[in-house]
Each structure stands twice: as C-alpha cells, then as structure tokens.
Amino acid sequence: MSELASESMGTARTAHAATERQRGSGMSGPTIVISPAPTANGDLHLGHIAGPFLAADVYTRYARAVGREVLFGSGVQDTSTFVTTTAHRLGTTPEALIRRSAKEVEATLGALGIAVDGFTGWESRFTTFVARFVRELYDLRRLEPRPMTFPYLPRTGEFLVDGHVAGACPVCLEESCAGLCEGCGHPVAAAELLDPRSTRYPDEPLEFRTAVVLVLPLERYRVQLRAHFAGLVATLRPHPARLLAELLSSRLPDFPVTYPISWGIPVQGGEFGGQVINPNAESAAWTMYCATVAAERRGGNPEAEDALCRRESGARIAYFLGADNIYPFAIVAPALMLAHGDRYALPKMFLTNEFYELDHEKFSTSRGHVVWGRELAARVPRDLTRFHLADDSPEFQRTSFNERALAERTGARLVDPWNRVADKVDAWVGRGPLAVSPRARELSARIVERFTAAYELPGFSLNRVARTVTRQLIRLAATAEEGGDFCQQVDVVLRCAAPILIDLAAVLPDTGITGAADRTHIEPLRLPRLSRVGG
C-alpha cells in the first residue's frame, strides 16, 4: 500500500475537489450507481442487503433529494457456474432456478424499499451486447489466444472452472472456489488451487488438461491502472486500498475472457465459437447495460448500450460492492474499458463493505444458517430494518446480525426518541403557519451539514447517517425549544433521514433537502409513531 499511497495523497484530494467543482458547475452528467448483481441461485439474505444494496439505495435517494440525476442499476447474474452447481444440489434445472431466483430477488428488494431503476438478467439484448463487446476487442486484437491449464473431470468430460472446482486458495490458503477467493479477494486460476476437487463429484479423480482460450493481457494495462488508482487511493476504504496495492504491485496474470465450458454467454463466431464468456468478464459491459436500462426506465433514450459510459457523457460511475468483488470491478472492468482505447470514462468511486454475519458466523443457505430479507420484512417494519442495517453496516469490518439486538437497538436509538419528538410536534399541529427564527434556521443548516457529510461520496457512511439520526432525535427530544423553531428542525431531520426512513418520510409532501433549512415559516404535520419490535 505504501508505494501506491505515496504517489497520491495530494493528487487524490485535488482530483476529488475537481470532481466536486465540476458537479457544482452543472457540467457533469448523471451518477451511475451500480450494485453488482448477485448470482441467480436463490433469494437475498441480510448479508446481501446490509452491504451494497441498502447503501446504493440510500445514496441514490439522497442524491435525488439534493437535485442530482442518478441512475441505479443492478439485477441478477445468470451466467455464473454457481447457478449450475446450486441447481444440481437442489435437483432442479438451471433455467428453473434462474426464473425463481430473479422473481425472489426483485420481490425482496421491493419489500425492503430498495428501488432499482434498471434490473437486468440474461435477456437476449444483454447477452448480445456482451458478446458484441467481447467480439470487438477480439477484432481489435486486444484479446489473445493462449493455452491455459484447467482441472478436467473424466467422469463428465468437462473442464472445471469457478464454482465447479474448490480447494485451498494459493494466496491465503483459505477454502475457496476457483475464479475469485472470498477470503483475500485475489484471482484464483482453477489450476492453481491447492488440492482441487470437483464440487459436484468431490470423490472423483481429476486430471489437468490444456485448452486454448482468449485472454486479456492485464499486465499491458497495469501502469495505467496504477496511475488511475494513485489518484483515488485516499477515497478508498482500507481493505480495497490494500488489496489494490497488492494486486498492482506485481505482474498481473492473463485474464481468461473465455472458458471452454457450455454454461454462459456464447462467444460470437470464429475459432472460439464453442466457448463462453467468463462471467467476471461481463463486469464492464454489464455496467454499461445497467446504466442504459436504468435511463430508459426513467424516461431517457440513450443512443447505444454503452453511451452513458463514454467519456463525452460526463457521467460518473459509483460502485457499491462487497470487498470480495474488487478484482472484477476495479481491475478487470477498467482494463476492459482501457482496451477499447480512450472511449470510456473509468469508474472512480468504489464504496465497499465487509461480510455481514449471522450470530458471528457466515450466512449459509446450505446449512440453513440464514435470515431472508423478505421474511424479516414481513415481521419487522422496514424502516426499523433499514435503520438497524445502516447502524450495523459492515463498512470497515465484519459485523453480525441478531434479531434481539435489532429490537433493543432500534427501540433505544430510533423508536423511543422519535415518538417523544412526534408527541411534541403534535401539540403544534393546526396552529400554523409558525414563524421560524434566524437561530433555528442556522441550527437547521447545521443539521443538513452533518447529514451531508455522511451522505456525500467518497465519505459516504450508513453508520454515520444512522448515528446522526439518533443524535439529532435525542437532542430534539430533550430540548426546551418549541413552536416553529422546534417543528422546523424536526422537519429537516426527517427530510435528511428520509433515504433510510422511507415510510416515516412518506408523510412529507416531498423529500427534498435543498432549501429546507431556509424557510421562515412552517406548517407542522401530524407525524406517525413507531412501535418497538415485539412490543
């Protein structure tokens, strides 16, 4: 980390300041918010929600509340080999599993109020675009045929990649599947796993065979990637900063863009027509496609699937992702963009999270150690769920879900202080419009400043937003202020908390933040109350 960091701390601050000036001048295009698609092999549990999905939704709502154009894209990934391994374990077909999973994921996002603009899957328009994106790189001679060694299962006559083969990661020695190690985040070539075994037939002996695949020579782009991240290192959280420094400090391995297997997006024509595209090679094209679908569903009309990610669009890409997804989205995706020349603007925002656990153990659907998002939403008001997951978000280190802790934390930090504040506001309902003093307007402006500091990129923090909500509610519940001055501050706090507390904020005529602190009069609203979980 030290070498990469030493190149750049001042550069990063300068680059960030320039970005903020550009945004303030109205020159920038939309912000493209991307939460990487989960594999279409089941519903979403709280580990998925507490990390990238809630953070992306909250940031999107905030940015719109201050008048910015934001496009929020996500979906499900159907092309992962984990779809086929899960289908095999469940005794169903991959196609049936995909259909069921996509419906479940959409339903869970809706149940928790996570409003994705562009929800994508394996529709033909997407697969055609990905195949065309890869074919263009091949035609430009940016991809090269190289022999690569893979584990091979004689029983089925298959090469084993990604979810089909497991062993020990050669970097951190943790148990891992091929492709990407969840433990350390490093790429793991299937043939480099220690003591590899088939995940479907673990007792079957393996062989190692060679196949010629198309690779992207990542080393060709390492200098450009280092320069890019040298200007961003101060905006990254510690884990991705360290991982990127590790990855970029030595020669990058060739990245297999195609696999000699049958499940995935088929390569278009040529001598590699019998192969499929590596799911981790979809990251750049999928980002572009997500942005386009999101724009179309919000009434836009991009001229091409990649239009919003071209340099001239002025858009900026903000990834909200688990730290284990850094390699495909911070190394592979930018390298694929660079391989197209200077056509695309590289992503500059990477908001990561660590793993969210259940009772201090990893979520595990196979062991039944899991809390499904929709099941929790059915028994706990979603504002309380969203607040707790924000307050407990694993931003810098692993945190752990416990439903009793949810009840206690939301009761003490949200429900009780909110209800005391709402009781005080009720005394003024129907007596307005009430005058707001200059002092109260200044206090309201400070409230907005504190929330803004927690919401803005790159310092965005769900933890700090939730804690700011609690601190302001406790302060207001105890204050001697009343009348217009008190009601004004409560209104401003609710507006600033609206990206998390979406149901409480539904009482507001709008959730705009800009200008809310400057009002000279206010008409108090009757506010809803919250109930403790189990109370």
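1. Domain bounds here come from an automatic or database domain assignment. That assignment gives the protein chain domain 1 (29-141 + 217-362) and domain 2 (381-522). The C-alpha centres of domain 1 and domain 2 lie 33 Å apart.

2. A word on the model. It is predicted: local features need pLDDT of at least 70, side-chain atom pairs count only at pLDDT 80 or more, and totals for chains, interfaces and linings use all residues. Residues are numbered from 1 along each chain as its sequence is written, and side-chain values use heavy atoms, with hydrogens and water left out.

3. Start with the domain interface. Contact means heavy atoms within 4.5 Å. By that rule, 35 residues of domain 1 touch 32 residues of domain 2. The area buried between the two domains is about 3000 Å². Buried area is the accessible area (1.4 Å probe) that two parts lose on being put together, summed over both. Carbon and sulfur atoms give 64% of this area. Which three residues supply more than any other three of the area that domain 1 buries against domain 2? They are Tyr62, Arg237 and Tyr356, with 21%.

4. A salt bridge is a side-chain nitrogen of Lys or Arg within 4 Å of a carboxyl oxygen of Asp or Glu. Three salt bridges are counted between domain 1 and domain 2. Arg68 and Glu456 form a salt bridge through their side chains (2.5 Å, N to O). A polar contact is a pair of N or O atoms within 3.5 Å; within protein, one must be able to donate a hydrogen and the other to accept it, and residues adjacent in sequence count only if both atoms are side-chain atoms.

5. Now the elements on the domain 1 side. Helices (H or I, at least four residues) and strands (E, at least two) are DSSP runs, numbered from the N terminus. Those giving two or more residues to the side that touches domain 2 are helix 3 (46-65), helix 5 (94-111), strand 16 (316-322), strand 17 (349-353) and strand 18 (356-358). Helix 3 gives the most, with eleven residues. The residues of this side divide into 21 nonpolar, six polar and eight charged. Here Ala, Val, Leu, Ile, Met, Phe, Trp, Tyr, Cys and Pro count as nonpolar, Asp, Glu, Lys and Arg as charged, and the others, Gly among them, as polar.

6. Look at helix 12 (residues 382-391). Buried means under 20% relative accessible area, exposed over 50%, and partly exposed in between (1.4 Å probe, protein chains only). Why is helix 12 described as largely enclosed by the rest of the structure? Because nine of its ten residues are buried. Among them are Phe387, His388 and Leu389. The cover over the buried residues of helix 12 includes helix 3, strand 18, helix 11 (373-379), strand 20 (399-401), helix 13 (403-426) and helix 15 (462-478).

7. Salt bridges in the whole structure number 41. Asp117 pairs with Arg298, with the closest N and O atoms 3.5 Å apart. This pair links distant parts of the chain, 181 residues apart. Asp117 sits in the loop between helix 5 and strand 3 (118-120), and Arg298 in the loop between helix 9 (283-297) and strand 16. Asp117 is buried, at 13% relative accessible area, whereas Arg298 is partly exposed, at 47%.

8. Another salt bridge joins Arg519 and Asp491 (2.5 Å, N to O). Arg519 lies in the loop between helix 16 (483-497) and strand 22 (521-522) and Asp491 in helix 16, so the pair ties together parts that are 28 residues apart in sequence. Arg519 is partly exposed, at 23% relative accessibility, whereas Asp491 is buried, at 11%.

9. Finish with Ser101, in helix 5. Is Ser101 buried or exposed? Buried, at 0% relative accessibility. Its side chain reaches the backbone nitrogen of Gly42 at 2.9 Å. The Ser101 side chain also reaches the backbone oxygen of Leu97, at 2.8 Å. Leaving aside neighbours within four places in sequence, Ser101 is in contact with Ala40, Asn41 and Gly42.
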